[in-house]
Every structure is written in structure tokens, then in C-alpha cells.
Amino acid sequence: MIVDDHPVVRDGLRGMFDHVDDIEVVAEAADGFQALAMARRARPHVALMDLRMPGLDGIGTIERLRTDHPEIKVIVLTTYDTDADVTRAMAAGVAGYLLKDAPREELHRAVRTAAAGGAVLAPSVASALISRPAAQEPSPRELEVLRLVARGAANKEIARALLISETTVKTHLKHVFAKLGVETRAAAVVVAMERGLL
């Protein structure tokens, strides 16, 4: 299944698989909600998923697919390889992460590998993960802040609950983001939960 909000990209990807004997495109979707509906109907083995889409984005779609259709292997296919995007995708449970400039043969190999239960990473993503410094754990105080974030508390509420200033809350969050390799509150909570920190 090909999931991308750009028709030109979907057409191009379908064309890449047109004459491949052992791979068939059984469904296409322009957003996450369509992808979930198509997954129920077409039962694909592998989904090629864009990250940036209107409505339900790639990460939200991956999380829903992992719950509703854990047998579908998801490969992220995007133009973005920032640490935050890669971390969120890995936390969501993808089978692979490729960039849209991947050659046709690499794409074919990735689909076969994912279908067989393997994992695939774009070379630039793999080298970034390998060269990333070992993850630091957030301090106990930073985890207190993050627990309150996970409950939906705003900075002002966190400051009041922990008897600290809002500036200190922001500083703690900045350190948490850096240590977890994320850029948003939601991503910090997801990664912390994946690591068993919350």
C-alpha cells in the first residue's frame, strides 16, 4: 500500500513496482484516514508511508496500524531525516525508514525485507543513528516535569505543582528534549514511554 498525499508521488511509486513480479500495489491512500480504511479492505503486507500528510499524519497512522493491523509492516518513505522524525518513527514501531531519493532497486529490496520480517534504514539515517552520542537519561526532576506533561499540564501548572518558576520548567523541558533526541512535548512523552521512563 502506498500512502502519500501527492498524486504524482503515488503515480511514480506505483510505476516503480509495475513490472516487479513478486510485488503488487494493492492499495493507495492520500492521507492517514484513507490508509486505515484501505488497510482493512486490501490487507497489504507492507505500507510505504509518508510522514507529512493532512488530517492524520504518518506517525499517527503508523500507531493506529500497529494497534489495528500489527501484521502490516510499515516503511517510512519521506524527504525528512531529522533526528526527531527518525526517533518518532522508530518509537511508533516501523520496519524501515527510507528517503524519497532511494533508487528503485533499494525500494524493491526494502519491501521484500520488511515483508520477510526484516528492518531497513536509509544509509544516511543509519549513519546518523550510529554516530549519535549515547542517550543520556533525564534527571529525576526532569522526569517529574515530563510526567506532568504526559498528564496534559501546561508550564504554569507544572511550575505551581513543583514550586518552581515557569522559566525553570522550560529549562527542564529543553534538557529533556535534548536527552531524548526530540523536538516536541508529545514526542518526548512517546520516547520516554518507549524507554520505560514513564
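Leaving aside neighbours within four places in sequence, which residues is D4 in contact with? Hello everyone, let's start there. D4 touches V9, R10, A29, A30, D50, M53 and K100, where contact means heavy atoms within 4.5 Å.

A word on the model first. This is a predicted model, in which local features need pLDDT of at least 70, side-chain atom pairs count only at pLDDT 80 or more, and totals for chains, interfaces and linings use all residues. Residues are numbered from 1 along each chain as its sequence is written, and side-chain values use heavy atoms, with hydrogens and water left out.

Back to D4. You will find D4 in the loop between strand 1 and helix 1; helices (H or I, at least four residues) and strands (E, at least two) are DSSP runs, numbered from the N terminus. D4 is buried, with a relative accessible area of 2%. On that scale, buried is under 20% relative accessible area, exposed is over 50%, and partly exposed is in between, using a 1.4 Å probe and protein chains only.

Strand 1 (2-3) and strand 3 each supply at least two of its lining residues. By class, the lining has 6 nonpolar, no polar and 3 charged residues. Here Ala, Val, Leu, Ile, Met, Phe, Trp, Tyr, Cys and Pro count as nonpolar, Asp, Glu, Lys and Arg as charged, and the others, Gly among them, as polar.

How do we find such spaces? On a 1 Å grid over the protein atoms alone, a cavity is a set of points where a 1.4 Å probe fits but cannot get out; a pocket is an open set with protein on both sides within 12 Å along at least five of seven lines, and lining residues have an atom within 4 Å of a point. Grid points are joined across faces, edges and corners, and a volume is the space filled by probe spheres set on the points.

The largest pocket holds about 290 Å³ of space. Of the 18 residues that line it, I23, E24, H45, V46 and V111 are the closest to its centre. Strand 3 (46-49) and helix 5 are the elements giving two or more residues to this lining. Its residues divide into 13 nonpolar, 1 polar and 4 charged.

Helix 5 brings us to a helix pair. The axes of helix 1 (residues 7-17) and helix 5 (residues 104-115) come within 10 Å and cross at roughly 80°. Helix 1 is therefore roughly perpendicular to helix 5. In this contact, L13, G15, M16 and F17 of helix 1 meet R104, L107, H108 and V111 of helix 5. Those residues divide into 5 nonpolar, 2 polar and 1 charged.

Now look at helix 4 (residues 83-92): 7 of its 10 residues are buried, so the helix is largely enclosed by the rest of the structure. They are A84, D85, V86, T87, A89, A91 and A92. Just after helix 4, G93 has a positive phi of about 95°.

Let me end with two loop residues. R43, between helix 2 (32-42) and strand 3, has a positive phi of about 50° although it is not a glycine. L163, between helix 8 (155-162) and helix 9 (166-180), is not a glycine either, and has a positive phi of about 55°. R43 is partly exposed at 47% relative accessible area, whereas L163 is exposed at 77%.

Key:
Axes fitted to C-alpha atoms, helices over the stretch in contact; angles between N-to-C directions. Parallel < 35°, antiparallel > 145°, perpendicular 65-115°, else oblique.
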